[in-house]
Amino acid sequence: MGRGTVWAGALLVSICASQAPAQERTAQWLYEAGCKHKLAARYDLSEAALSAAVRENPDHVDARWTLGWVLAEEGKKAEAAEQFRIILRRQPGTVRAIESAAALERMGESPYYPRPDLANVAPAAMAIRGHKRIERAANPLWTGDGNELVYTRMGVGICVADADGANPRLVAPGQKLIGVAATGKTAYGVALDAKPGTPPVVNSVDLVSSAVTPLAASFTVAPEKLIAAPEGKGLVTVACVPDADPEKVPTNLLALVSADGATATELAPCKLSLNPVWSADGSKLLYGADGKVMVAQGTAAKAVADGNYAAWLGNDKVMVQSKEGDLLLAAADGSGSGPLVTTVKDISVSGAWASPTGKWVLYKENDRSFSAVNVETKALVPLGSPDRPVIAANWLPKADLLVLCDRRPDLGHEPVWEVYDPANPLYYHPLLRDTFVYGKIDVSPDGRLAAYWQGSPDSICTDEASSYRQKCSGRLVVGATDNTARLPWTLITEKSEGSTAGTLWSPKSDAVAYALPSQEAVGVVTLGPNTGPTTPSPNWVSSTATPKTAQ
C-alpha cells in the first residue's frame, strides 16, 4: 500500500463521518453505505453504492471524491481520473476541486480534457524563428496562401515581402493598398496622391509580375478599403465622404463590384455602424447602416431588421442586436425576424458575437456579465459565477469553444485565460495568467497558437493637460494554446504611442503580422519547428482523458 493510499484512507474516515444535506437523503444513504464498504475493503460494493449516489445527486462532491479513490484502489485509473475531473468541472475553485487537481497530479494524469478542435492537429512544437520590423509601413495583409505579406510603404507604394518579412520588393509604385484577393496573387490599390478632380481608379496589382491594371468599373469616390468575397465571387469597396462640417460624422459609400472588376454598383450613401461582412458562401453581404441591419445580394440591398450590430448565422440567417438591447434572429432575405434573447428591465445586451458554426451566440449584459445562448434551443448558459466573474470572452476559430478570462478564487482571483465549452459545459485548461492583456487574444487559424498585446508599467501616463491617456501596449506575446508548453509564451518588445496595435495571423498559422499605427511601422513574427528538447508542462494533456457528458 502506497503513501497516497494511506493518506486517502485517513481522509475517508473523517469524510464518512460527516453529514450531507438532508434534502438529498437517498444519495446520502448510498454515500454512507459506500463508505462502509470502502473501509471494509469491499471495493466492488463500494463502487456500486457510490456510483448510485452520484447518479442520484451529481453534485454530491464527497461521494464523487470517495468514488474516485475507490476506483483507484481497483486499478481503474482512467475512470478514477474522470471523477476528479468532474469535480473540477462542477465545483471549480472549491477546496475539493483543488484537492482533485492534486490527486490527478499524484496519479500522473492531467486535470484537463483534450480540446476537440485540436483532435487532429499536431501539437505546437514551434519556436520563434524571427522578428522583422518594417519602418514607414502600414496596413499589412496576407495573401490567400499565407506565403507573402503585402503592405503599403508610406510615400512609395505597394510592397510585398516573404512571409518572414524578408526580400521586400516594390510592386506598385504610387499606389496605396486597400485589399487583397481571397485566393491567388492579386492585390488592389488606389493612388497615394490623386490630383483633385481626377476620377478615382481602383487598380488590380499582380504580385508576381508587378503588372498594374485599372479595373473597368467606375467609382464616385476613391475607396479606402476593399473586401474580397470567398471563392472569388465578387468585391465590395468602402469609401469615406467627409461632411462639409468637420464636426459631423463622414458618410460612407459602398460599391458592389463584379468578380471580373467590370462593373460597380454603388449602394445608397449611409453612415456605417457595422463593417461589411461576406457570408461564408460569398453570395451575400451584411452591414449596418443608419441604425438598420442591411443585406446586399447581387446589385441591391434591403433592411432585414432595426439594430446596432449583426453577425452571420450560416448563409441565410443573421443575429441582430436591437436598439432595445434584445437579440433577434432575422432571415437574410428580409422575410422576418424573431426573438433569440429577450432582456428585462434594467438589463440589456451590450455586445454579441456568433460562434464559428453559427450554433451559439456569446453576448454581454450591461457591459458586465457574459452568457451564451444556443440558437436552435434558445438555452442560456451563464458564464462564470459571483465568485468567479468572467471579464472577457471570445470564440476560438475552429470550434464552438470560448476563450474566457475569469478571476479564479483558487488562484488568488488573478485573471486567468481558459478554454470553455458552453455545450458541455466544461473547462479544458488555462492558457495563461496575465493581468495586463489588452484587447483580445487572437488565436491562429489552426487553433494551436495565440498572440496578444501585453501592457507595461508605463502604459498609463499623464499628458500636459493632466488627463490620462493610454499608450499602445508595449509587448507582443506569442505562445501555444494547447498547453504543451512547446512554444513558451514569448515577449516581442515594441513601443508605440497611440491606439493599441492589432495582430493578423497568416492563413498557414506560421507567422503573425502586426501594425503600429502611430509609428507607421509593420512587423512580422515567424515561427518554425522546434529542433530543441520539447518538455511538456505539468499540465500536459492525457490521451486517456475523454469527456463524458452523461453525468
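Trainee: What is the reach of helix α4 from its first C-alpha to its last?
Mentor: Helix α4, residues 61-73, has 13 residues and reaches 19 Å, close to the 18 Å expected at 1.5 Å a residue, where the expected span is 1.5 Å times one less than the number of residues. Helices here are DSSP runs of H or I of at least four residues, strands are runs of E of at least two, and both are numbered from the N terminus. This is a predicted model, in which local features need pLDDT of at least 70 and side-chain atom pairs count only at pLDDT 80 or more, while totals for chains, interfaces and linings use all residues. Residues are numbered from 1 along each chain as its sequence is written, and side-chain values use heavy atoms, with hydrogens and water left out.

Trainee: Which residues of α4 are buried?
Mentor: They are Ala63, Arg64, Trp65, Thr66, Leu67, Gly68, Trp69, Val70 and Leu71, with buried meaning under 20% relative accessible area (1.4 Å probe, protein chains only). Just after α4, Gly75 takes a positive phi of about 80 degrees.

Trainee: And how many residues of α5 are buried?
Mentor: Ten of the 14 residues in α5 are buried, so to speak mostly covered, and among them are Glu82, Arg85 and Arg89 as well as Phe84 and Ile86. Helix α5 runs over residues 77-90 and reaches 20 Å, close to the 20 Å expected.

Trainee: Switching to strands, what is the order in the open sheet of four?
Mentor: The order is β1-β38-β37-β36, with antiparallel pairing; two strands pair if DSSP finds at least two bridges between them. Because β1 (126-134) and β36 (502-505) stand at the edges with a single partner strand each, one side of each is left without a neighbour in the sheet.

Trainee: How many bridges join β37 and β38?
Mentor: Strand β37 (residues 511-516) and strand β38 (residues 521-529) pair over six bridges, and Ala515 has Val522 in β38 as its bridge partner.

Trainee: Last topic: which strands supply at least two residues each to the lining of the largest cavity?
Mentor: Those are β11 (235-241) and β12 (251-257). The lining includes Phe219, Thr237, Leu253 and Glu266, a lining residue being one with an atom within 4 Å of a cavity point, and a cavity being a set of points on a 1 Å grid over the protein atoms alone where a 1.4 Å probe fits but cannot get out. The volume of the largest cavity is about 40 Å³, taken as the space filled by probe spheres set on the points, which are joined across faces, edges and corners.

Terms used: Buried < 20%, exposed > 50% of the residue type's maximum accessible area, 1.4 Å probe, protein only. 1 Å grid on protein atoms, 1.4 Å probe; cavity = no way out; pocket = protein on both sides within 12 Å on 5 of 7 lines; lining within 4 Å.
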